[in-house]
Amino acid sequence: MKFVEARNEIVYKLEQHVCCPVILSEQIAKQPEYPYCYYSVLAPRISNHAFGLRELVVDGDTQIVQRSEPVSATMSFTFCSMNRETEKGYIYGEDEALELAEKAHGFFLLNAHNISSANGDIVINNVGAVANRSNFLIEETVRRYGFDVRFVFVRTDEMQTTIIRRETPRGNTRK
C-alpha cells in the first residue's frame, strides 16, 4: 500500500462517519458550507526499518521483486464551523465544531482503530488530544477544533526483474 491509498481510505471512512465534507487544506477550491473538516499531511512516510523484507514473486515468465516495510504517517484534522442562522434554528459554531471533532476523535479511537481496505490494513497508532484551533476572520471567528493522527501501514514497492541462472555442465559437479 502507498500513502495515497491509505489517506484516501481514512478520509472516505471519516467523511461517512461525521457526515460532513473532509477536504484537503491549502488548495484552490471553493470553501464548502459549514460545517466541514480539512486535513493536512504532516508526514507521509516515517520509516522504522532501513532494509525491509525483500522477496521474489514468480508468475510464469514474469519475475517481480517486492520490498515491504511497516511505515507510519501523520495527518492533522480540523473541524470548522461559524455562528449562523439556519432553517433548523441558530447554530453556535463553537459547539458544532467541537461536537464534530469529538465525534471524529471517537471514530479513530474506537471504530477505525484498525481500517481494512483492499490494499491492506491501516492501524491507528496514536490519536492526539482535541485542541482549539479557532481564528478571527475579518469580523467573526471561525470556530475550529482539531487533532493529529498517526497511523501505520505496510508499504510495498514492486519492480519487474530478470533472473540469471548459471547452469553447470553435465558431469561436472561443483563443491
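Okay, let's start with the word pocket: on a 1 Å grid over the protein atoms alone, a pocket is an open set of points where a 1.4 Å probe fits, with protein on both sides within 12 Å along at least five of seven lines, and its lining residues have an atom within 4 Å of a point. Keep in mind that this is a predicted model, with local features needing pLDDT of at least 70, side-chain atom pairs counted only at pLDDT 80 or more, and totals for chains, interfaces and linings using all residues. Numbering runs from 1 along each chain as its sequence is written, and side-chain values use heavy atoms, with hydrogens and water left out.

So, the pocket. The largest one has a volume of about 250 Å³, where grid points are joined across faces, edges and corners and the volume is the space filled by probe spheres set on the points. Which residues lie nearest its centre? Those are Ile-23, Gln-31, Pro-32, Tyr-36 and Tyr-38, out of 16 lining residues. Strands E1 (22–24), E2, E10 (135–137) and E11 each give at least two residues to that lining; strands here are DSSP runs of at least two residues, helices are H or I runs of at least four, and both are numbered from the N terminus. By class, you get nine nonpolar, four polar and three charged residues in the lining. For that tally, Ala, Val, Leu, Ile, Met, Phe, Trp, Tyr, Cys and Pro are nonpolar, Asp, Glu, Lys and Arg are charged, and the others, Gly among them, are polar.

Stepping back to the whole chain: there are two helices and eleven strands, in the order α-β-β-β-β-β-β-α-β-β-β-β-β from the N terminus. The C-alpha atoms fill a box of roughly 90 × 30 × 25 Å along the principal axes. The radius of gyration, taken over C-alpha atoms, is 23 Å, while a compact globule of 175 residues would be near 16 Å, by the rule of 2.2 Å times the number of residues to the power 0.38. Buried residues make up 35% of the chain, with buried meaning under 20% relative accessible area, exposed over 50%, and partly exposed in between (1.4 Å probe, protein chains only).

On to the core. A nonpolar core is a set of buried Ala, Val, Leu, Ile, Met, Phe, Trp, Tyr and Cys residues joined through side-chain atoms within 4.5 Å. The largest has 32 residues, and Leu-14, Phe-77, Phe-79, Phe-108 and Phe-151 touch the most other members. Helix H1 (3–18) and helix H2 (93–111) are among the elements that each supply at least two of its residues. Apart from this core lies another, of five residues, including Tyr-34, Cys-80, Met-82 and Val-142.

Most residues other than glycine have a negative phi, and most peptide bonds are trans. Tyr-34 to Pro-35, though, is a cis peptide bond, omega near -5°, and Pro-35 is in the loop between E1 and E2. Glu-26 is in that loop too, with a positive phi of about 55° and 82% relative accessibility, so it counts as exposed. Cys-19, between H1 and E1, has a positive phi of about 60°.

Last one: Met-159, in strand E11. Beyond neighbours within four places in sequence, Met-159 is in contact (heavy atoms within 4.5 Å) with Gln-63, Ile-64 and Val-65. Met-159 and Val-65 are 94 residues apart in sequence, yet 5.4 Å apart in space, C-alpha to C-alpha.
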